[in-house]
Amino acid sequence: MSYTRGSDGIRIFYQESGRAEGEPLLLVQGLGQDHNGWLLQRFPFGARHRCLAPDNRGVGRSDKPAGPYDLEQMADDLVRVLDDAGVEQAHVAGVSMGGILAQILAVRNLRWVVGVRSMHRFWPAMQLLGPIAFDLPAAAFVSQVQAILDADDSLRSELHNIAVPTLVLVGSQDILTPQGDSEEIASLIPGARLAVVRGGAHGFMVEHAGDFNRTILDFLAEVSAASPVGAG
């Protein structure tokens, strides 16, 4: 278990697990979740990969400044985790907000949001219930949500510049980030593969963990066979 620091000096926690000699795999959680959200993936992924699971600013063991937060700043936190771990290249798996951060890492120019209409629709309930559901300071939770709502979608025009193998994975019953949003993302990234977990909702990495894990591991194995990712 380690800490690094963001560009503004706050501490960012990350947990390292799995095969020390395996290809690095950065695991990025979503809104309000810390590294423990990867519990059902830790051992399946760790059997093949060197896994790095950070706590985004505002959750878990990372510092929880009041905000405002910025998604591009949060993506920079992830880069600093990789730097601290001595990793020059890594696979990246992100869920929910973590998926947005993964796209930012790929393009390095923020302004893309998945399902923002849904986030606006659920904002009043999220503002009230989120801190209770995720057991974190209200100000930090609100700042994470606001970082999502404050983003625009101008990055969409740059997704065609992503030149790494990309898997877009979605649950068919997800109402927060609907299948249609994922279809659009996959259509904009050259060669991206879309996989749909039937019956899965927004938390399908838990409720359909077997399908989630198998789909990602099969994809990573295929990518690694074609072009191995090293720690450098």
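Q: In what order do the strands of the open sheet lie, and what is their pairing?
A: In general, the strands of a sheet pair through backbone hydrogen bonds, and they do so either parallel or antiparallel. In this predicted model, the open sheet has 5 strands in the order E1-E2-E4-E3-E5, and its pairing is mixed. Strand E1 (2-5) and strand E5 (91-94) stand at the edges with a single partner strand each, so one side of each is left without a neighbour in the sheet. From one strand to the next, the twist averages 30 degrees.

Q: In which sense do strand E3 and strand E4 pair?
A: Strand E3 (residues 23-28) and strand E4 (residues 49-54) pair in the parallel sense, over 4 bridges, and Leu 26 has Leu 52 in E4 as its bridge partner.

Q: Which residues of helix H1 are buried, and why do they line one face of the helix?
A: Buried here means under 20% relative accessible area, and in helix H1 (residues 39-46) Gln 41, Phe 45 and Gly 46 are buried. Seen down the axis of H1, these buried residues fall within an arc of 110 degrees, so they line one face of the helix.

Q: What covers the buried residues of H1, and which exposed residues does the face turned away carry?
A: The cover includes E2, E3, E4, helix H7 (204-207) and helix H8 (209-226), whereas the face of H1 turned away from its buried side carries the exposed residues Leu 39 and Phe 43.

Definitions and conventions
Residues numbered from 1 in each chain as written. Predicted model: local features only at pLDDT ≥ 70, side-chain atom pairs only at ≥ 80, totals over all residues. Heavy atoms only, no water. Pairing = 2+ DSSP bridges. Helix = DSSP H or I, 4+ residues; strand = E, 2+ residues; numbered from the N terminus. Axes fitted to C-alpha atoms, helices over the stretch in contact; angles between N-to-C directions. Buried < 20%, exposed > 50% of the residue type's maximum accessible area, 1.4 Å probe, protein only. Arc of directions from axis to C-beta. Contact = heavy atoms within 4.5 Å.
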